[in-house]
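Dear colleague,

Please find the structure we discussed below. I would be grateful if you could read the notes that come after it alongside the coordinates.

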Number of protein chains: 4
Amino acid sequence: MIAVKLSKLRPLEKKLLKAAESALKNAYNPYTRTTVGAAVLSKEGKIFKGSSFANQSSGSNVCAERAAVLNANTNGFRKIEKLAIFENDSVKGGEPAMPCGICLQFLEELPKISGKDLEIITSNDSKTRIFKTKLSELLPFPYNGSNGKKAKR
Amino acid sequence: MIAVKLSKLRPLEKKLLKAAESALKNAYNPYTRTTVGAAVLSKEGKIFKGSSFANQSSGSNVCAERAAVLNANTNGFRKIEKLAIFENDSVKGGEPAMPCGICLQFLEELPKISGKDLEIITSNDSKTRIFKTKLSELLPFPYNGSNGKKAKR
Amino acid sequence: MIAVKLSKLRPLEKKLLKAAESALKNAYNPYTRTTVGAAVLSKEGKIFKGSSFANQSSGSNVCAERAAVLNANTNGFRKIEKLAIFENDSVKGGEPAMPCGICLQFLEELPKISGKDLEIITSNDSKTRIFKTKLSELLPFPYNGSNGKKAKR
Amino acid sequence: MIAVKLSKLRPLEKKLLKAAESALKNAYNPYTRTTVGAAVLSKEGKIFKGSSFANQSSGSNVCAERAAVLNANTNGFRKIEKLAIFENDSVKGGEPAMPCGICLQFLEELPKISGKDLEIITSNDSKTRIFKTKLSELLPFPYNGSNGKKAKR
């Protein structure tokens with residue numbers, strides 16, 4: 001986990017963060033002020049966006065991170081190597097959002113598919129605080145259960 | 001809930017079901033045999049697809065229905081009026097899949113947004129059994145809680 | 001779904017609703033005003049309570065209905081025949097709460113185990129509005145998928 | 001994360017692990033072979049058990065860890081300081097199970113309530129491999145979002 005300045009991001013990272021920012025505007029939340037945008041980069045260099053989607057029964061909320069991966073997968077690109085997160089953090093202290101545990105579990109499939117750790121960039125809404133991290137840093141000891149039987153990948 | 005023949009679907013319904021079928025091929029499930037494709041139709045006539053995405057911790061699986069809505073929303077279209085579901089039902093008895101309760105709860109936002117009941121078409125993988133139904137028929141008495149405060153839609 | 005008066009509930013139903021009411025006081029929610037208590041009755045006549053438990057990432061909230069069933073199951077009683085729900089509905093219009101879709105899906109295991117439909121009683125916090133219903137009425141066309149392979153119950 | 005021998009656990013830790021083991025026998029899973037038992041210890045020295053509960057729609061599975069905490073909370077004890085996990089790991093390589101990301105997110109409430117990090121003991125089913133760890137080690141950078149508004153704990 002390192003704090004980086006916007007100006008120090010590589011062009012592709014800036015582009016990915018910009019996609020996450022633009023996804024924020026389609027986030028759906030008529031209930032609370034939390035909205036998030038995300039974007040993922042596939043091995044092939046394709047970018048897919050995701051916007052958070054709230055629910056009256058908040059247990060059914062879906063985060064932007066998952067929306068972005070689902071969008072990429074639906075379009076046939078699931079070798080995801082980078083994820084950018086951009087949160088409207090008006091009610092927080094201005095720190096970039098970390099993925100929730102549900103998203104971390106969901107994202108844990110990605111290194112199995114890509115063969116690489118997932119790089120994560122997360123920014124507050126003014127881009128004055130940006131962190132770079134990796135999935136293995138956020139979830140260092142992932143669930144190692146079986147989902148019924150041995151995977152046949 | 002009525003059973004219909006493929007030949008009796010309207011052209012747009014056929015197109016939507018075809019999109020759901022094509023989404024099936026991008027479903028991700030290295031763990032079990034269940035894979036599903038879905039597609040939604042927006043008020044504006046746009047179609048968005050969704051493919052199911054499994055997880056080693058099966059509680060983090062995301063169904064195709066949610067993936068399709070998230071994809072539409074991320075692209076700025078959330079007045080969803082129709083949903084088609086196409087399941088690879090090799091391990092079942094050949095009946096079309098019904099959405100799970102998590103998806104029903106998730107989908108329950110859509111009538112609030114569109115102002116209309118959500119029409120649902122669900123087909124088995126040989127298209128020999130197709131049902132037409134509506135969200136209000138599958139979830140006739142939805143959760144009416146508050147998600148923290150009154151919605152401000 | 002029928003509206004009933006408190007005085008018309010049978011003694012065991014009153015006792016179950018009272019248990020749900022008492023479970024409300026242990027509900028945990030430092031984030032929003034929604035709290036719920038629930039109680040289930042097993043075939044053997046045992047009552048188990050459940051209190052809702054909120055989470056900073058609201059997608060991880062767990063409802064009282066699930067808590068009550070989990071408590072019964074952990075104690076070795078999973079032939080559940082009745083469920084009572086009691087919501088602190090200060091922010092709503094005074095109508096009894098319906099279970100959310102996640103709970104409906106979760107509860108759907110119970111008729112498979114007990115061999116009977118699940119009876120549901122739900123009350124507002126003043127007990128001036130009480131509904132009696134059944135799981136089959138709230139979720140008339142449940143998910144019929146496979147969870148990986150045929151169940152071996 | 002350290003590997004410990006059963007004989008090196010303190011008496012209370014052994015008792016907690018034994019409670020988790022006994023909770024395993026009430027785990028419900030007619031679908032796959034994964035079953036888990038858990039137990040939590042409150043600040044007051046009370047132990048509460050939890051058994052995993054599977055669902056036909058696997059996204060609605062609830063893990064033993066959450067069941068144990070819910071049980072404790074329903075009984076009025078939510079200052080949880082220790083958690084033990086015992087998995088029937090017949091289909092895995094004999095390593096103790098780590099909590100899934102959904103559980104990690106759920107458990108993240110506990111240090112806020114107790115004011116202390118959550119200690120975790122996890123064992124394989126022969127007790128030949130036991131790990132001691134802490135929540136802060138499994139989820140070092142938790143979600144820091146708002147759930148609608150500032151918590152008022």
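The notes below cover one interface and one arginine.

This is a predicted model, in which local features need pLDDT of at least 70 and side-chain atom pairs count only at pLDDT 80 or more, while totals for chains, interfaces and linings use all residues. Residues are numbered from 1 along each chain as its sequence is written, chains are lettered from A and ligands numbered from 1 in the order in which they are written, and side-chain values use heavy atoms, with hydrogens and water left out.

Chain B and chain A bury about 4000 Å² between them, 52% of it on carbon and sulfur atoms (accessible area, 1.4 Å probe, lost on being put together and summed over both). Each chain is represented in the contact, with 45 residues from chain B and 45 residues from chain A (heavy atoms within 4.5 Å). There are zero salt bridges between chain B and chain A (a side-chain nitrogen of Lys or Arg within 4 Å of a carboxyl oxygen of Asp or Glu). On the side of chain B that touches chain A, β3 (47-51), α2 (64-74), α3 (101-107) and α4 (109-114) of chain B each give two or more residues (DSSP runs: helices H or I, at least four residues; strands E, at least two; numbered from the N terminus). The largest share, six residues, comes from α2(B).

In chain D, R66(D) is found in helix α2 (residues 64-74). R66(D) is buried (under 20% relative accessible area, 1.4 Å probe, protein chains only) yet has no salt bridge, and the nearest side chain of opposite charge, E65(D), is 6.5 Å away. Leaving aside neighbours within four places in sequence, R66(D) is in contact with N61(D), C100(D), I102(D), C103(D) and F106(D).

With kind regards

Technical notes. Buried means under 20% relative accessible area, exposed over 50%, partly exposed in between (1.4 Å probe, protein chains only). Lys and Arg count as positive and Asp and Glu as negative; His and the chain ends are not counted. Buried area is the accessible area (1.4 Å probe) that two parts lose on being put together, summed over both.
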